[in-house]
Structures are given as C-alpha cells and as structure tokens.
Amino acid sequence: MMRFDGPVDLNFSLRCGQVFRWKKIGEWWYGVVGQNVLKIKQCGANLEFDGVSEGLVRNYFRLNDDLIQIGQCIAKDAYIRKALKRFKGLRLVRQEPWECLIGFICSTYKNIAAIELMLQKLSIKFGEKRIFDCLDFYLFPTVDNLADASEKDLLDCGLGYRAKYVLTTAKNIRDQNISLEKLKSLYYLDARKMLLDFAGVGLKVADCVLLFSLEKTEAFPVDVWVKRVILNHYAKKFPSDLVYKMRRHSSLSNSEYVKIGEFARSYFGVYAGYAQEYLYHFERTQC
C-alpha cells in the first residue's frame with residue numbers, strides 16, 4: 001500500500017478515454033502495463049496494488065506530476081475551472097508508445113466500447129497469455145507479432161479498414177528498426193511529423209500518441225467532443241469566419257485542426273494536453 005498526498009482519482013483517470021485495456025472488478029482495477037499484469041484500488045489517499053513495484057505505479061499514473069500546479073496553469077476561465085473541480089484527481093497516464101500507437105490507429109471512427117473489443121481480440125489472438133488472480137490476461141502483441149500477421153487475421157479481430165494500417169505500420173517499424181521511445185527527445189512538432197508518416201496516423205491520432213505516451217503535454221487532440229467544446233465555449237477566441245466554417249461541417253480540415261491546437265498551446269500553455277483531457281471528459285459526461 002502506498003500513501004499519496006497529491007490529488008489522484010483512479011476512476012476518473014481510467015475512465016476518461018485515454019486507455020482501453022483496464023477493467024474494474026469489484027473494488028479493483030485490473031490492467032496490463034508492458035510485460036506486467038497488475039491490480040490497483042484506491043482507499044482515500046492510499047493506493048493499494050499488487051503485481052508490480054511502487055516505481056511502476058508512480059511512473060504509469062504520473063504521480064510525480066504536480067496536479068495542483070498544473071491546474072493553476074490551465075485554469076484560464078470559468079468553464080475549465082468547472083471541469084477541474086468536477087474531475088479533481090484525473091491524471092494522464094504514461095502508456096507504452098507501441099500499444100498507444102496501435103490503440104489509437106484502431107480508434108478512428110469507433111466508440112470506446114468498440115475500441116476495447118478490437119484491442120482485446122488482438123491481444124488474445126497475438127499476445128502472450130498471463131494468469132493473475134485466477135483470471136486470464138494477455139500482453140499486448142509485439143511489433144513482430146503484428147508485422148508477421150496476415151491482413152485476414154487482423155480483419156478477424158474486427159479492425160475493418162484499419163487492418164491494413166496496423167499491418168503496414170508494424171512492418172515499417174520492424175523493417176526500419178524505428179524506436180518510438182526516441183521520439184520523446186524531439187520537439188513536439190518534429191515528433192508529430194514523424195508519427196504522421198505511419199499508415200493510419202492523422203493529426204488527431206498523432207496528438208493522442210504524443211500526449212499519452214511520448215511526454216508531449218502540449219499536444220491537444222481534437223475530436224468531435226473537443227470541437228464541440230471549442231465552438232460552444234471558446235468561439236470568441238477565433239475569427240468569426242473560421243467559426244462559421246467549422247460549424248458548417250462535422251469534420252475538421254487539417255488547417256482548422258492545426259489552428260485549434262495552436263490556440264490551445266497559446267492559451268493553456270505547456271499543459272494544454274491536461275486541459276484537453278479535462279475538457280473532453282467534462283463535455284462527454286454532460287450528455
């Protein structure tokens with residue numbers, strides 16, 4: 001058991017759409033992090049866990065992030081202050097880049113339940129089985145596992161058109177010996193540019209990977225919910241003609257997406273990604 005004095009809320013952090021392979025059974029959250037299966041629960045300020053070290057828990061749940069200071073930095077207006085108050089303790093988690101990349105390639109035009117099912121099927125078919133607390137878990141497939149798969153095998157996991165993207169990306173990473181970890185050392189825009197070279201990766205997927213696994217807290221992923229936040233609560237921050245264009249169609253052009261991201265980084269600062277997650281989860285749970 002570990003006592004933690006800073007704000008943390010496991011339920012908010014694991015239910016806010018940033019991860020897809022955690023499951024709550026009774027009081028415990030069960031998950032797979034890299035090569036490790038673990039369970040964790042929260043009792044007030046205490047975190048109780050099994051299967052991993054305290055260091056892994058601190059690293060994965062970003063317990064060294066000063067959430068109070070981050071909140072002060074991004075609390076720029078009444079709307080986000082409501083989100084910060086409602087979801088006090090929501091933390092970004094530090095995911096493994098390869099799993100995060102494939103997870104968000106699979107996420108395009110799918111709801112969270114469908115994404116969870118796809119990744120579960122992929123892990124069962126291609127991942128290594130582990131038994132923990134008499135339950136079956138599966139490690140996420142390695143790059144080689146998926147690079148050696150057939151497109152049909154991936155289609156059987158429900159990936160649809162995403163199957164060819166996953167297969168092509170896996171082969172590129174293996175054949176070119178690409179280290180996703182090295183992207184952490186690049187500037188945000190340089191790292192994003194490299195991610196955009198992978199099949200199935202657009203601006204939103206790239207920003208999710210950068211934010212949730214590559215230490216780029218300035219990344220600001222924009223989906224339909226965040227677009228709604230921008231139009232409903234921050235429209236006055238943008239030129240009226242741009243707002244008019246964004247309201248006219250459901251999707252965003254690349255130039256519109258880029259302008260929203262530039263605004264977010266200018267307005268919220270280096271923790272724009274934290275602002276995004278609070279705003280996204282707040283907007284999504286109002287409906």
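Predicted model: local features only at pLDDT ≥ 70, side-chain atom pairs only at ≥ 80, totals over all residues.
**A cavity and a helix pair**

Biologist: What volume does the largest cavity have?
Modeller: Rolling a probe the size of a water molecule over the atoms shows where empty space is left. The structure holds one cavity of 30 Å³ or more. The largest cavity has a volume of about 160 Å³.

Biologist: Which residues that line the largest cavity are the closest to its centre?
Modeller: The lining is made of 15 residues. By class, nine are nonpolar, three polar and three charged. The closest to the centre are V19, V32, Y60, Q95 and E99.

Biologist: Are α14 and α15 roughly parallel or roughly perpendicular to each other?
Modeller: Two packed helices are described by the angle between their axes and the distance between the axes. Helix α14 covers residues 254–268 and helix α15 residues 272–285, and their axes lie 9 Å apart. The angle is about 105 degrees, and angles of 65 to 115 degrees count as roughly perpendicular. Therefore α14 and α15 are roughly perpendicular to each other.

Biologist: Which residues of α15 make the contact with α14?
Modeller: By class, the contact of α14 with α15 has five nonpolar residues, one charged and no polar. On the α14 side the contact is made by A264, R265 and F268. On the α15 side it is made by A272, A275 and L279.

Conventions:
Residues numbered from 1 in each chain as written. Heavy atoms only, no water. 1 Å grid on protein atoms, 1.4 Å probe; cavity = no way out; pocket = protein on both sides within 12 Å on 5 of 7 lines; lining within 4 Å. Points joined across faces, edges and corners; volume = space filled by probe spheres on them. Nonpolar A, V, L, I, M, F, W, Y, C, P; charged D, E, K, R; others polar. Axes fitted to C-alpha atoms, helices over the stretch in contact; angles between N-to-C directions. Helix = DSSP H or I, 4+ residues; strand = E, 2+ residues; numbered from the N terminus. Parallel < 35°, antiparallel > 145°, perpendicular 65-115°, else oblique. Contact = heavy atoms within 4.5 Å.
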